[in-house]
Amino acid sequence: MLLFTACTPAADFDVQQSQTEKLMEDFGIDPGAAMNLPSGSRIVFFGDSITAGGVKEGGYVTLVEDALATLYPERNIEVLGTGVVGDQVPDLARRLRKDVLAKKPTHVVVYVGVNDVASLGPSRAALNAGAEEYAEGLTALVDSITASGAEVMLCTPGVIGEDVDQGTLTNYGLELYASKVRELATLRQTGLCDLRSEFTRYLAENKRLSKRSGALTVDGL
């Protein structure tokens with residue numbers, strides 16, 4: 001992924017440096033900040049259908065891979081995605097060894113929760129009980145990954161339908177599950193990518209775009 005600045009280059013203009021600076025600006029990266037991704041790092045993205053789609057052209061895993069290759073071409077950072085349609089936390093636990101630990105990652109990004117919420121249906125009691133099981137299962141995943149020596153980043157579940165109505169049971173469940181992820185990230189001192197907060201903030205600020213899909217997603221997920 002190459003990003004160019006519209007200008008006439010001077011004789012000593014460094015195109016690669018310009019691309020890097022533009023990419024850092026777009027991603028909100030401080031050029032002076034040290035990124036703990038040494039040469040030879042292997043990042044595994046672990047999740048459900050969102051991650052399965054993420055490895056395709058234009059998918060989020062591919063975008064991260066392209067960005068890192070542009071920012072740090074000398075580091076030989078490997079990016080892998082292992083997502084399965086419909087997966088929930090128990091499914092990730094069953095394939096953790098084969099799909100993650102066997103790949104000997106240095107970093108693992110865990111993005112799961114949308115299916116865990118959707119599978120419970122519109123019941124506050126079911127969502128409350130499910131959230132506790134979700135947190136327990138996610139904690140076990142984090143502990144197993146960190147025991148292998150890899151660093152973990154947790155992602156909060158994003159959206160089910162691009163809807164910011166906090167009165168719906170679906171959004172109640174998503175907020176509840178997201179809170180469990182945030183608590184676990186603090187407890188285990190993992191990285192945190194708070195997609196739920198970012199999605200809802202954006203959709204609230206762009207209400208005319210808030211609908212079943214189209215603003216941030218292709219299918220509401």
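Which helices and strands each supply at least two residues of the lining of the largest pocket? Hi everyone, let's work towards that one together.

A quick word on the model before we start. This is a predicted model, where local features need pLDDT of at least 70 and side-chain atom pairs count only at pLDDT 80 or more, while totals for chains, interfaces and linings use all residues. Residues are numbered from 1 along each chain as its sequence is written, and side-chain values use heavy atoms, with hydrogens and water left out.

Now the overall picture. The protein chain has nine helices and five strands, taken as DSSP runs numbered from the N terminus (helices are H or I, at least four residues; strands are E, at least two). Starting at the N terminus, their order is α-β-α-α-β-α-α-β-α-α-β-α-β-α. Of the 221 residues, 39% count as buried, meaning under 20% relative accessible area with a 1.4 Å probe, protein chains only.

On to the pockets. A pocket here is an open set of points on a 1 Å grid over the protein atoms alone, with protein on both sides within 12 Å along at least five of seven lines; lining residues have an atom within 4 Å of a point. Volume is the space filled by probe spheres set on the points, which are joined across faces, edges and corners.

The largest pocket has a volume of about 1,400 Å³. It is lined by 41 residues, and those closest to its centre are Phe45, Tyr60, Val64, Met153 and Cys193. So, back to my opening question: the elements that each supply at least two lining residues are α1 (15-27), β1 (42-47), α2 (49-54), α3 (60-71), β3 (107-111), β4 (151-155), β5 and α9 (195-205). The largest share, six residues, comes from α3. By type, the lining has 28 nonpolar, nine polar and four charged residues. For that count, Ala, Val, Leu, Ile, Met, Phe, Trp, Tyr, Cys and Pro are nonpolar, Asp, Glu, Lys and Arg are charged, and the others, Gly among them, are polar.

The second largest pocket has a volume of about 170 Å³. Its lining consists of Cys193, Asp194, Leu195, Glu198, Phe199, Arg201, Tyr202 and Leu216, and α9 gives the largest share, five residues. That lining divides into five nonpolar, no polar and three charged.

One last stop: Thr190, in the loop between α8 (169-188) and β5 (191-193). Is Thr190 buried or exposed? Thr190 counts as buried because its relative accessibility is 16%. Beyond its neighbours within four places in sequence, Thr190 is in contact (heavy atoms within 4.5 Å) with Val142, Val152, Leu154 and Ala185.

Terms used
Buried < 20%, exposed > 50% of the residue type's maximum accessible area, 1.4 Å probe, protein only. 1 Å grid on protein atoms, 1.4 Å probe; cavity = no way out; pocket = protein on both sides within 12 Å on 5 of 7 lines; lining within 4 Å.
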